[in-house]
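Have the sequence and the 3D view open as you go.

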Amino acid sequence: MGFRLPRIASTKTSDIPKGYFAVYVGESQKKRFVVPISYLNQPLFQDLLSQAEAEFGYHHPMGGITIPCSEDTFIDLTSRLSV
């Protein structure tokens, strides 16, 4: 039985709803997620952004913020933010 995360979405289209932004997550193959802007206020998400800054600086070749963690770790963290 699967589950659905109500506040994050994986998308391949260029449409990003108002109030959301795209991030790329994964180790070898990056997957695009669209997350709410409200995550920017969350300390756990800010830690991920600090890691991204340390690893990539402000150059993100994918066109969105690249988060240096596994997809499973990202989904686990964002599911805790959704509670």
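Which residues do ring pairs link into a cluster? They are Phe 21, Phe 33, Tyr 39, Phe 45 and Phe 74. Please keep in mind that this is a predicted model, where local features need pLDDT of at least 70, side-chain atom pairs count only at pLDDT 80 or more, and totals for chains, interfaces and linings use all residues. Numbering starts from 1 along each chain as its sequence is written, and side-chain values use heavy atoms, with hydrogens and water left out.

**Aromatic pairs**
- There are four aromatic pairs in the structure (ring centres of Phe, Tyr or Trp, the last by its six-membered ring, within 6.5 Å; planes under 30 degrees apart are stacked, over 60 edge-to-face, the rest tilted).
- Phe 21 and Phe 45 form an edge-to-face pair, because their ring centres are 6.1 Å apart and their planes stand at 80°.
- Phe 21 sits in strand 2 (residues 20-25) and Phe 45 in helix 1 (residues 43-56), so their pair ties together parts 24 residues apart in sequence.
- Phe 21 and Phe 45 are both buried (under 20% relative accessible area with a 1.4 Å probe, protein chains only; exposed is over 50%, partly exposed in between).

**Fold**
- Two helices and four strands make up the elements of the protein (DSSP runs numbered from the N terminus: H or I of at least four residues for helices, E of at least two for strands).
- Their order from the N terminus is β-β-β-α-β-α.

**Burial and contacts**
- Of the 83 residues in the protein, 33% are buried.
- Among contacts (heavy atoms within 4.5 Å) with a separation of 6 or more, 51% involve residues 24 or more positions apart.
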